[in-house]
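This report describes how the parts of a protein model meet one another. Please look at the sequence and the structure shown below before reading on.

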Amino acid sequence: MNIFAPVGRAFFTLLAQIGRLTMFLVEVVSSCFRPPIYWYHIGQQMMRIGYFSLPVVGLTAFFTGGALALQIYLGGNRYGAEAIVPQIVVLGITRELGPVIAGLMVAGRVAAAIAAEIGTMRVTEQIDALTTLATNPIKYLVVPRLIAAVVTMPILVAIGDSIGVMGGYIVSTQSLGFSSGIYLKNTLDFMKNEDVISGLYKAAAFGFIIALMGCYNGFNSKGGAQGVGAATTNAVVTASILILAANYFLTSILFAK
Amino acid sequence: MTTPKIELRGVKKRFGPKVVLDGIDLVINPGESLVVIGGSGTGKSVTIKCVLGILRPDEGKIFVDGEEVTHINGRARDKVLRKFGMLFQGAALFDSLTVWENVAFGLIQGRGMGRRQARDIAVEKLAKVGLGSEVINLSPSELSGGMQKRVGLARAIAADPDIIFFDEPTTGLDPIMADIINDLIVDTVKDVGATTLSITHDMASARKIADRIAMLYKGKIIWHGPVSEIDNSGNPYVDQFIHGRAEGPIKMEVRG
């Protein structure tokens with residue numbers, strides 16, 4: 001039994017995947033700039049991707065902010081630095097936790113929904129039907145989702161940031177004995193524009209990843225219900241991993257000084 | 001001699017190591033109804049998808065109205081696709097749209113027609129396949145299989161295409177509904193004067209809608225001729241297939 005054969009096969013499969021994804025990406029991005037653009041569908045997808053993700057993103061951001069405040073208070077307490085809670089909460093939320101947690105939640109919700117919908121259209125030949133009706137499926141299905149995700153993710157994260165900071169504020173003032181005025185003043189004094197803006201850049205990138213992985217996996221799903229299930233799982237897993245990896249690289253680029 | 005409506009010359013297609021089409025030569029003349037028969041997995045659907053440009057053949061040439069379409073893309077492809085209508089095996093209706101929006105889809109998206117005018121045409125085409133105005137605002141999932149096929153047929157003929165493809169039009173229907181769909185196909189085709197290519201393994205359907213029959217086996221056309229000669233083809237493969245016998249020269253690959 002040659003142990004190199006399966007390793008080599010896995011490696012070539014990976015290379016083929018990357019190649020297919022790159023070709024898909026090139027086709028999608030070039031389609032974004034060529035008419036027709038389906039404005040109505042972009043609006044519809046903005047509602048589905050952005051607006052309907054608000055409760056999920058808001059709730060997770062709120063509890064994350066609250067837990068962050070508690071942890072920093074308890075950790076800071078060890079060497080008498082518990083007053084630093086507002087500064088660390090706002091920094092942690094806007095730079096890291098806001099975009100990453102929103103990205104992961106939206107990946108679970110939206111990448112899965114996109115992959116399942118497009119995957120079902122693939123296996124029931126609806127995508128082929130689009131082609132026979134002289135409608136480019138990339139432009140009709142993929143481009144609106146991609147644009148909607150890239151535009152709405154920063155808005156979602158901006159709202160999520162505010163709710164996250166509010167979560168920290170409520171926990172701090174209600175159970176940790178911070179005074180409301182001092183907490184808000186420390187938050188606003190410490191926060192810089194670039195903290196928030198860097199998080200919004202990340203959010204746009206995560207939106208791109210989410211829509212791309214949902215559409216790519218859906219488009220390439222095979223077989224019946226099982227194939228669509230596999231595509232959905234792959235979409236969420238690959239989107240989540242790519243979000244975390246991209247977060248690291250974006251952090252190192254955005255804060256390289 | 002007239003230009004054939006569709007011509008395939010030596011079309012080959014493989015998926016990985018599996019050769020699906022091994023040099024298909026096929027001519028369909030204007031106004032003719034050709035039915036391609038063959039077992040499951042012999043490449044019938046792949047043939048149709050190659051003509052439509054959904055799949056690209058590895059070798060060979062495809063002509064539509066004498067114009068080579070094998071490798072065209074973008075606008076040129078869209079222009080050719082406007083000549084086609086297609087009825088899919090599972091109807092392939094868009095489940096996010098209503099019945100009339102499905103029928104009008106090619107008119108609105110493909111040709112930029114206004115919604116009101118497209119809706120009128122959709123209602124007229126739906127009436128042609130025997131569906132009344134009570135279904136136009138339903139969603140496809142609320143319809144039975146036979147009704148979905150009818151809507152699919154209405155969508156295929158909505159833009160009065162020159163060429164209509166039927167992919168297993170009677171699969172999954174009871175024999176009576178299958179016959180109704182066959183009659184509708186014959187009637188609607190006569191009505192719009194279209195050239196048709198159908199693929200099926202239902203011999204009753206093939207006999208009803210075909211002018212000519214071609215049989216596909218192992219990626220090649222092994223026999224073709226007028227429908228009247230199918231019973232005297234002298235070809236043991238064709239005989240085995242049309243009589244549905246397990247014994248004969250065709251060995252089913254039970255293990256794919």
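Contact here means heavy atoms within 4.5 Å. By that rule, the contact between the two chains takes 15 residues from chain A and 21 residues from chain B. The model is predicted, and the values below are computed from it.

**The interface of chain A and chain B**

The size of an interface is often given as the accessible area lost when the parts come together. Between chain A and chain B, about 1500 Å² is buried, and carbon and sulfur atoms give 61% of that area. On the side of chain A, the residues that lose the most area to chain B are A:Glu125, A:Thr132 and A:Leu133, which together account for 37% of what that side buries.

Across this interface there are 2 salt bridges. In a salt bridge, the side chain of A:Glu125 meets that of B:Lys49, at 3.4 Å from N to O. Helix 5 (residues 126-132) of chain A gives the most to the side that touches chain B, with 6 residues. By class, that side of chain A has 7 nonpolar, 6 polar and 2 charged residues.

**The two domains of chain B**

The domain assignment divides chain B into domain 1 (1-81 + 164-171 + 196-256) and domain 2 (84-160). Their C-alpha centres lie 26 Å apart. Here 15 residues of domain 1 are in contact with 10 residues of domain 2. B:Ile164, B:Phe165 and B:Asp167 supply 38% of the area that domain 1 buries against domain 2, more than any other three residues.

The table sets out like values for the two interfaces.

| Interface | Buried area | Share on carbon and sulfur atoms |
|---|---|---|
| Chain A and chain B | about 1500 Å² | 61% |
| Domain 1 and domain 2 of chain B | about 1100 Å² | 66% |

Between the domains the count of salt bridges is 0, while 7 residue pairs are in polar contact. Helix 1 (44-52), helix 2 (74-81) and strand 7 (163-167) of chain B each give two or more residues to the side of domain 1 that touches domain 2. Strand 7 of chain B gives the most, with 4 residues. The residues of that side divide into 11 nonpolar, 2 polar and 2 charged.

**A sheet in chain B**

In chain B, 4 strands form an open antiparallel sheet in the order 2-1-4-5. Strand 2 (18-28) and strand 5 (67-68) stand at the edges with a single partner strand each, so one side of each is left without a neighbour in the sheet. Strand 4 (residues 59-64) of chain B is joined to strand 5 of chain B by 2 bridges. B:Phe63 stands opposite B:Glu68 in strand 5 of chain B.

Methods. Residues numbered from 1 in each chain as written. Chains lettered and ligands numbered in written order. Predicted model: local features only at pLDDT ≥ 70, side-chain atom pairs only at ≥ 80, totals over all residues. Heavy atoms only, no water. Domains from an automatic or database assignment. Buried area = accessible area lost by both parts, 1.4 Å probe. Salt bridge = Lys/Arg side-chain N within 4 Å of Asp/Glu carboxyl O. Polar contact = N/O pair within 3.5 Å; in protein donor to acceptor, adjacent residues only side chain to side chain. Nonpolar A, V, L, I, M, F, W, Y, C, P; charged D, E, K, R; others polar. Pairing = 2+ DSSP bridges.
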